[in-house]
Amino acid sequence: REDRLALATRDVITEVLGPSFVEFEAINFEQVCVDSSATTPIVCLLSPGGDPTETIFALAKRRKKEIKAVSMGQGQDVIARRLLGAAQRSGAWVLLQNAHLGLGP
């Protein structure tokens, strides 16, 4: 049954590889920012239930950074490119959400 697959997979991984392979550790975005720059982006690959949007916006507010979000999809690549260019020059942040939708054919 599909609804039990995730739980069973987690159990097998825990038993075979150990619990550290299934435990999630919260990302320390403060430290991640130290390792990034206007030309070194931060990329987050999310799993179901994980959405750092609020954390990222709160961090931008604490650091007094302008932040713009774009939900990628049809036609949004033009907007995203414009925002990324402006952000690279100004030091602002751009959050590209659902980036897989902007890949196109």
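Reply: **The largest pocket**

Sorted by class, 21 nonpolar, ten polar and three charged residues form the lining of the largest pocket. Here Ala, Val, Leu, Ile, Met, Phe, Trp, Tyr, Cys and Pro count as nonpolar, Asp, Glu, Lys and Arg as charged, and the others, Gly among them, as polar. The model is predicted, so local features need pLDDT of at least 70 and side-chain atom pairs count only at pLDDT 80 or more, while totals for chains, interfaces and linings use all residues. Residues are numbered from 1 along each chain as its sequence is written, and side-chain values use heavy atoms, leaving out hydrogens and water.

A pocket is an open set of points on a 1 Å grid over the protein atoms alone, where a 1.4 Å probe fits, with protein on both sides within 12 Å along at least five of seven lines; lining residues have an atom within 4 Å of a point. This one has a volume of about 1100 Å³ (the space filled by probe spheres set on the points, which are joined across faces, edges and corners). It is lined by 34 residues, and Ile-42, Val-43, Val-94, Leu-95 and Leu-96 are the closest to its centre.

Strand β2 gives the largest share of this lining, five residues. At least two residues each come from α2, α3, α4 (76-90) and β2. Helices (H or I, at least four residues) and strands (E, at least two) are DSSP runs, numbered from the N terminus.

For comparison, the second largest pocket has a volume of about 350 Å³. Its lining has 15 residues, with Glu-25, Ile-27, Leu-46, Ser-47 and Gly-50 the closest to its centre.
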